[in-house]
Amino acid sequence: MEHSSDPNNSYLPEQIKKILKNRWLGHTIHHYRQLDSTNLTAMELAQQGAPEGTAVLADQQLRGRGRGSRSWHSPPGVGVYCSIIFRPKFLPSMAQLITLMTAVAVARAVSLKTSLSPQIKWPNDILVNDKKVGGILSEAEASPSGIKHLVVGIGINVNHTSTDLPEELLIGASSLRLELGEPVERVALTAQLFMELESFYERLQQEGSAMILEQWRSLSATLGRRVRVIQKDKLVEGIAVDVTEEGALLLREEKGSLTAVHAGEVRHLRTS
Ligand code: BTN
């Protein structure tokens, strides 16, 4: 049974490996009670030559990192805080696809292990009932010939109660437990996540991007909605009509023109 924020509550490699049925991803797990950031540790391990599929897990992060230099609130014993090392053989511009793929894998793992129906807000926020329960932060080290390694960091609010979420997050964020009304086993969820990631990654390498984009579209909470994208120096508003081959969001602006947005913060707007 999982409890709210509890430093003694762990999800251990041997528990995960016992139920993991796949070939390589997550077969090496570095587990820590407490870390600054699993992404940081995974990046160091990748630089030291750790193999593809190595996972770093923490029960608590002291400096969890979010997108856009925000922090990721990571209280002990209630979340999945996990980073995976990938060594993809394609171009750096394809890194975004692995991030979209990870969002699909997280959404699938959650829907297989709970009765929830997660959706994805572009590019990779995991929503349940329109509230954010998970996020992904990918960090790559590139060389002129391609990606040297890619660290994909996954944060899932699993068993957070409302006291585990800071006040400023209470409106837009939630946890699986809060949406479901009961706790979720982090061990089973993490094992499922590793299986989904391995299978989608292999298919992405073999079949290309079409299947991932199809899956992403079918789970998207953004497509078809009026959105505002906040970028460093401008705002773009329009109807989200599609996602491109590279994972950019395609917007139809008021005057009818199509704009591809590669980065930024999306707000879903009410349709008037
Ligand atoms: C976001 O802002 O939506 C992305 C959040 C990513 C959080 C995860 S938790 C595990 C990994 N380590 C980090 O420091 N960040 C990512």
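Biologist: How many bridges join β8 to β9, and which way do the strands run?

Modeller: Strand β8 (residues 226–230) and strand β9 (residues 235–243) are joined by 5 bridges and run antiparallel. Keep in mind that this is a predicted model.

Biologist: Which residue of β9 stands opposite I230?

Modeller: That is L235. β8 and β9 make a hairpin, with 4 residues between them.

Biologist: And what does β9 do with β10?

Modeller: β9 also pairs with strand β10 (residues 249–252). There are 4 bridges, and the run is antiparallel. A240 has L251 of β10 as its bridge partner.

Biologist: How many residues sit between β9 and β10?

Modeller: There are 5, and the two strands form a hairpin. G247 is in that turn, with a positive phi of about 90 degrees.

Biologist: Switching to helices. How do α5 and α6 cross?

Modeller: Helix α5 covers residues 186–207 and helix α6 covers residues 210–219. Their axes come within 8 Å and cross at roughly 130 degrees. Angles from 65 to 115 degrees count as roughly perpendicular and those over 145 as roughly antiparallel, so α5 and α6 are oblique to each other.

Biologist: Which residues make the contact?

Modeller: From α5, F200, R203, L204 and E207. From α6, M211, I212 and Q215.

Biologist: What's the split by class?

Modeller: The contact of α5 with α6 has 4 nonpolar residues, 1 polar and 2 charged.

Biologist: Now the backbone. Is the W122 to P123 peptide bond cis or trans?

Modeller: The bond from W122 to P123 is cis, with omega near -5 degrees.

Biologist: Where does P123 lie?

Modeller: P123 is in the loop between β4 (119–121) and β5 (125–128).

Biologist: What about S69, what's its phi?

Modeller: Phi of S69 is near 50 degrees, which is positive in a residue other than glycine. S69 belongs to the loop between β2 (55–61) and β3 (79–86).

Biologist: Is S69 buried or exposed?

Modeller: S69 has a relative accessible area of 79%. Exposed means over 50%, so S69 is exposed.

Biologist: And D130, what's its phi and where is it?

Modeller: D130 has phi near 70 degrees, again a positive value in a residue other than glycine. D130 lies in the loop between β5 and β6 (131–143).

Biologist: How exposed is D130?

Modeller: D130 is partly exposed, with a relative accessible area of 47%.

Conventions
Residues numbered from 1 in each chain as written. Predicted model: local features only at pLDDT ≥ 70, side-chain atom pairs only at ≥ 80, totals over all residues. Heavy atoms only, no water. Axes fitted to C-alpha atoms, helices over the stretch in contact; angles between N-to-C directions. Parallel < 35°, antiparallel > 145°, perpendicular 65-115°, else oblique. Contact = heavy atoms within 4.5 Å. Nonpolar A, V, L, I, M, F, W, Y, C, P; charged D, E, K, R; others polar. Buried < 20%, exposed > 50% of the residue type's maximum accessible area, 1.4 Å probe, protein only. Pairing = 2+ DSSP bridges.
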